[in-house]
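Morning, everyone. Let me put the structure up, and then we'll walk through how its pieces pack.

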Amino acid sequence: MLINCVAYQEGTKLADIPVEAISDYLQRPGCFVWVALRDASEQELSTMQDEFGLHDLAIEDAHHGQQRPKIEEYGTTLFTVMHMVEFTPLDELRIGEVHVFAGSNFVLSVRNRSTQGFLGVRERCEREPHLLRQGTGFVLYALMDAVVDRYFPIVEALETELEAIEGQIFERGQARANIERLYELKHKVTTLRHAVAPLLDASSKLHGGRVPSVCVHTEAYFRDIYDHLLRVQTSIDAIRETITTAIQVNLSVTTIEESEVTKRLAAYAGIFAVATFFVGIWGMNFENMPELKQPWGYPAALGVIGAVCSVMWWRFRKAGWV
């Protein structure tokens with residue numbers, strides 16, 4: 001679906017134009033066209049391919065989606081794939097994609113499976129005509145910057161969730177629930193990492209050394225994108241390491257709890273073993289047992305058993321086993 005199609009010249013918006021007029025504006029010197037599509041159909045992509053002369057492989061990637069974040073050059077056209085990560089109402093992470101085609105006189109953005117738009121990006125660019133005058137390279141930077149900036153709130157939310165789990169690690173009876181929450185959190189972090197890490201590697205192509213012609217005048221801006229991605233990647237790695245540590249601590253706490261239960265059971269088993277020993281001896285019913293025919297024999301035996309068991313219980317209690 002077409003969101004908007006706008007022509008710019010020397011950093012100033014000329015007009016919203018129909019798709020049929022794109023070729024006319026592309027021929028104007030110092031003019032470029034910025035087209036935005038959402039969940040584009042095959043017919044719409046085919047039309048854009050004809051207007052901008054896009055490569056078949058890039059169009060195929062944009063149509064099928066499910067692409068790894070990357071930046072590729074097709075002649076003078078730069079093709080960028082980025083993942084848009086957002087929370088669903090069920091607090092799960094949903095992955096959308098934005099494909100950006102940037103040439104010397106056009107920018108085409110195709111957004112798929114995402115509710116986050118780029119109207120704010122267009123408004124920002126139009127408020128800064130002195131930067132928009134740098135051409136399509138600045139528009140590509142603005143789109144990438146908007147995607148990358150949306151990673152930071154997600155990182156903060158994951159850090160907050162991790163802190164909440166850490167606060168419950170030493171609570172008795174929470175071991176299984178903590179493990180489940182930690183693994184769910186690890187899955188979210190891995191999802192975000194799959195969006196950030198490839199884009200971090202790819203964005204290094206846009207500054208320093210040989211850069212695509214589209215980015216010649218905007219290298220400093222893309223270096224800023226790289227720095228932001230590096231910060232996000234560092235935070236993700238820190239969260240992953242903390243999750244691993246939290247899992248190990250949780251397992252250690254579980255082992256300690258199990259050992260305490262084992263000690264308690266062993267203590268009571270020892271107490272009942274002593275009682276069983278005495279009962280076994282007195283239950284043999286030999287004819288010449290001295291206390292067998294005494295009136296105090298039975299209560300005395302119970303008293304001895306009770307006294308020995310009490311002493312053992314006191315000793316185990318003092319040792320912290322019961």
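At what angle do helix 2 and helix 3 pack, and how far apart are their axes? The angle is about 155°, and the axes are 10 Å apart. Axes here are lines fitted to C-alpha atoms, for helices over the stretch in contact, and angles run from 0 to 180 degrees between N-to-C directions. So helix 2 is roughly antiparallel to helix 3, a label for angles over 145 degrees.

Some ground rules. This is a predicted model, where local features need pLDDT of at least 70, side-chain atom pairs count only at pLDDT 80 or more, and totals for chains, interfaces and linings use all residues. Residues are numbered from 1 along each chain as its sequence is written, and side-chain values use heavy atoms, with hydrogens and water left out. Helices (H or I, at least four residues) and strands (E, at least two) are DSSP runs, numbered from the N terminus.

Helix 2 contributes Glu42, Leu45 and Gln49 to the contact (heavy atoms within 4.5 Å). From helix 3 come Asp56, Ile59, Ala62 and His63.

Two strands pair if DSSP finds at least two bridges between them.

Take strand 3 (residues 31–38) and strand 7 (residues 106–112): they pair in the parallel sense over six bridges. Ala36 has Ser109 of strand 7 as its bridge partner.

Methods. Parallel < 35°, antiparallel > 145°, perpendicular 65-115°, else oblique.
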